[in-house]
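Me: I'd like to learn how to read a model like this one. Could you walk me through it, feature by feature?

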Amino acid sequence: MHSVDATRLDLAREFRQRPFGPHSQDLQKLLRLLRGEPIAGRIVVVRPERDGPWYLAKITGPKGHPIEIFKDREYPDIAEAYWALFRKRWEARTGKPLLLDGRDREGPPSAEGDLTLAAASRPILGYADKFSVENGQSIEFKVSSDLPGYYRATLLRLRSADREGVGIKTAVVETPTNREYVARRKPVAAGSYVEVGDEQAFVLTSFSLLAYVWPTTPTKGRQAPLGNWTEKSGRGYLLSLDDTGALSLVVGDGKRRQEVSTKIPLLERHWYLVAASFDAVTGDSWVGQRPLLRYPMWDTTGERTAILDVRPAPEGSFRIAAWKEAYADRDTRSAAGGHYNGKIEDPAVIARSLTGAQRAALLADVAVPETAGSLVAFWDFSREIPSTTVVDVSSHGRHGHTVNLPTRAMKGRQWNGSEYNWTHKPEHYGAIHFHDDDLYDCGWDTDFELTVPEDLASGLYCAHLAQGGHEDYVPFVVRPPKGTTRADLALLLPTASYWAYGNHHMQVEWREGEHVTGTFSIVQSTDLFLHGHPEYGCSLYDVHSDGSGVCYSSRLRPLLRMRPNEALWQLPADTHIIDWLEEKRIAFDVITEDDLEAEGEALLTRYRCVMTGTHPEYPSKRMLDAFATFQKEGGRFIYLGGNGFYWRTSYHPSLPGVVEMRRAEDGIRTWHAEGGEYYHSFTGELGGMWRRMGRAPQSVAGTGMTAQGFDRSTYYERTPASFDPRVAFIFDGVGERDRIGDFGLIGGGAAGWEVDRADPALGTPPHALVVATATDFTSAYHWVKEELTHTHSAITAETCPFVRCDMVFFETLKGGAVFSTSSIAWAGSLSHNNYTNNVSRITENVVRRFLDPAPL
Ligand SMILES: [Fe+2]
């Protein structure tokens with residue numbers, strides 16, 4: 001079992017002939033054995049430059065770990081690279097060379113490649129303060145360039161972002177901001193912490209520091225849970241994890257630094273009471289750590305005392321979970337270092353040292369010593385959880401604020417399973433989880449500001465940035481001024497999903513990805529850049545550097561995948577719809593889910609017809625409520641995507657541009673929320689799948705997620721219901737037996753990638769008509785896991801009746817209607833044959849009829 005049979009050269013031959021499938025059963029089994037290896041050590045194919053050759057490469061670890069690229073062998077196309085990769089993995093599994101013919105005797109690349117984090121570069125990058133902007137409003141662009149001199153900015157209307165299929169289509173918009181700007185390099189400072197002002201209050205002679213900590217990477221190197229330490233000058237004091245992961249106290253006066261350590265590394269993901277005490281008169285210094293869960297044979301309780309002759313001479317403010325890098329940088333965000341990974345709860349500062357009895361009590365079983373009026377600050381993280389405020393509950397009000405959004409509403413040391421909703425028992429959620437790769441807002445200066453002309457048509461636009469042969473596009477939407485419309489049709493771009501996918505690292509880090517997609521991972525230029533630059537932050541699909549899931553994602557940073565030239569997913573794929581609407585000369589406004597979250601149903605009910613993007617997966621409650629009202633009030637709703645309305649998302653109550661979600665309980669996901677951490681910190685809402693909350697996607701659009709696979713897409717066939725006179729308009733010009741969408745840019749078909757089905761039990765209305773269905777999927781397509789009650793193997797398209805894609809129509813009250821194509825791939829078929837095809841025809845039939853005010 002689980003071994004590769006090195007005699008089955010017939011299977012190797014089959015793979016070489018048809019690397020992208022379809023594959024025989026035996027080859028599928030072999031490929032399953034060759035896939036899903038651990039990330040560190042995995043061989044992949046990489047293409048560092050967009051049009052450059054392919055290479056083999058070895059991943060050495062998650063983001064920030066160099067990739068070893070074997071540059072002495074180039075492969076001109078993905079098929080040849082895949083064959084080289086197949087041989088490498090075969091040889092690793094069998095220990096035998098795989099040689100089918102003379103060509104293979106040229107041999108694989110040499111054993112050693114180039115270890116690099118700079119395989120791909122993006123010398124110029126930008127983002128904007130808004131994504132959706134009204135006519136008459138202004139939008140600010142923030143640009144960083146590594147190059148000297150000037151860059152040129154040009155405003156473009158973006159019709160197609162698809163480089164290879166439709167081709168990039170843009171039109172220049174004349175504006176005074178189209179000119180050259182001085183190129184300036186702007187750093188990105190990732191890593192979350194708490195900043196506490198009031199430096200003088202923490203300039204202490206004798207003092208004690210206390211906190212509960214739950215470290216996730218205690219041995220990653222020196223970390224700074226608590227103190228006013230400045231690293232460069234070596235001034236201040238710090239309750240620290242030393243380079244072995246043991247608790248230590250560091251003090252420095254700018255000339256000398258001294259440290260006392262327990263010398264016992266803390267265990268990962270265990271709660272500890274940690275404390276330090278310093279007496280300025282005697283120099284008596286002490287550190288102590290006590291695990292709250294004690295093991296009989298692995299006790300990490302420890303303490304150490306020393307007499308230090310250095311007296312701390314602080315110069316910076318007090319921070320939690322990071323130190324100040326240099327005093328000169330005091331006002332800049334680049335100043336943080338020593339980022340601590342893990343949770344902290346109840347940190348406190350006391351203006352005197354601890355007695356021997358107090359130290360002993362702390363190591364025995366006492367939480368906080370009697371402070372007798374000497375408490376300097378005591379922060380309770382269970383207060384004001386949705387905000388960035390960190391409340392000091394001492395009498396001094398020395399409140400702090402979080403930087404870069406560490407995760408709140410995290411289980412604290414007292415959590416015992418008696419309550420799962422932090423709003424009911426915040427004292428059980430008194431921890432904040434800090435990560436060295438958290439990023440909310442790059443905070444770059446504004447380079448230029450555009451006031452959107454009153455007559456600029458609603459649509460998708462970009463600021464195009466060009467310098468020395470390099471470029472970037474900063475996309476944004478111009479929407480009609482609030483309360484107005486300029487067309488009867490609105491294209492609702494699923495921006496919550498854009499932010500959710502953000503700067504995802506899946507191509508490198510998603511271990512199961514090769515099984516899910518039925519292909520070997522393909523690592524392209526943007527994947528390599530993000531892998532080498534973790535400071536640009538994560539997506540909701542990633543785990544942080546300490547392995548914990550990412551719950552927050554922000555747009556206030558360059559989101560490199562939501563750009564022209566990138567993979568056809570979310571924004572780039574949605575431009576297929578824009579391109580088609582322009583081609584058909586159908587007037588439309590573009591609005592966004594961010595707008596919908598802000599304005600609710602009023603945004604939709606002004607339109608006769610609203611159509612979605614290709615993958616609106618992350619709606620908020622307000623969005624679902626707005627869809628329901630729109631449909632009830634006679635609106636016409638076109639769901640032009642797949643796997644929509646799946647996860648609950650929430651927006652921050654005060655900070656712009658950031659969403660939260662928790663991958664709770666079930667669903668197709670790249671990480672699992674920890675038990676007890678299912679409720680959103682932003683709003684207190686239960687996180688997870690909408691269907692687990694009684695609002696399955698079928699209740700929104702008549703269809704909901706049923707299967708996914710990413711090797712090939714397929715076609716729909718009409719059902720008997722398609723001949724019902726109620727839906728005759730949909731199929732006008734479409735033959736009775738036509739295969740609908742047996743072509744397209746996404747997997748070669750209109751039904752594919754992620755697909756939905758009708759199900760009355762989940763909310764499809766009883767009068768809904770399933771007018772077409774696609775069933776001819778490959779075995780790479782699997783029925784969704786949240787519907788299985790047991791694991792079993794009858795879940796692939798070969799045998800599972802739930803692996804299908806249903807096109808659905810139904811009428812709603814007051815002359816409204818819903819039409820759903822239920823497939824991410826649909827829009828990729830619109831342009832086929834110069835926009836003359838049955839996918840385009842059906843879409844046009846529906847859009848034009850839905851824009852006709854006559855009741856349906
Ligand atoms: Fe998705």
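Predicted model: local features only at pLDDT ≥ 70, side-chain atom pairs only at ≥ 80, totals over all residues.

Me: Let's start with the metal. Which protein atoms are the donors of the iron ion?

Reply: Look for the side-chain atoms around the ion. Here they are Tyr501 (OH), His615 (NE2) and Glu617 (OE), lying 1.9 to 2.1 Å from the iron ion.

Me: What spacing do the donors of the iron ion follow along the chain?

Reply: The pattern reads Y-x113-H-x1-E. Tyrosine 501 sits in helix α6 (residues 495-501), while glutamate 617 is in the loop between β36 (609-612) and α13 (621-632), so this pair ties together parts that are 116 residues apart in sequence.

Me: Are tyrosine 501 and glutamate 617 buried or exposed?

Reply: The cut-off for buried is under 20% relative accessible area. Tyrosine 501 has 3% relative accessibility, so it counts as buried. Glutamate 617 is buried too, at 3%.

Me: On to strands. How do I read their pairing?

Reply: As a general idea, strands of a sheet pair through backbone hydrogen bonds, in either a parallel or an antiparallel way. Take β2 (residues 54-59) and β3 (residues 67-75): they run antiparallel and are joined by five bridges. β3 also pairs with β4 (residues 114-116), again antiparallel, over three bridges.

Me: In what order do the strands of the open three-stranded sheet come?

Reply: The order is β5-β7-β29, with antiparallel pairing. β5 (124-128) and β29 (448-451) are the edge strands, each pairing on one side only. From one strand to the next, the twist averages 25°. Between β5 and β7 (residues 138-145) there are five bridges, and the bridge partner of tyrosine 127 in β7 is lysine 142.

Me: Last one: which residues of the largest nonpolar core touch the most other members?

Reply: Those are Phe627, Tyr716, Trp826 and Ile842, out of 115 residues in that core. Helix α16 (residues 838-851) supplies the largest share, six residues. To see the packing, centre on tryptophan 826: leaving out residues up to four places away in sequence, its contacts include Leu640, Tyr716, Ile740, Met807 and Ile842. Apart from this core lies another, of 43 residues, including Leu266, Val274, Val287 and Val376.

Technical notes
Residues numbered from 1 in each chain as written. Heavy atoms only, no water. Donors = N, O, S within 2.8 Å, 3.2 Å for Na, K, Ca; no water. Helix = DSSP H or I, 4+ residues; strand = E, 2+ residues; numbered from the N terminus. Buried < 20%, exposed > 50% of the residue type's maximum accessible area, 1.4 Å probe, protein only. Pairing = 2+ DSSP bridges. Core = buried A, V, L, I, M, F, W, Y, C linked by side-chain atoms within 4.5 Å. Contact = heavy atoms within 4.5 Å. Axes fitted to C-alpha atoms, helices over the stretch in contact; angles between N-to-C directions.
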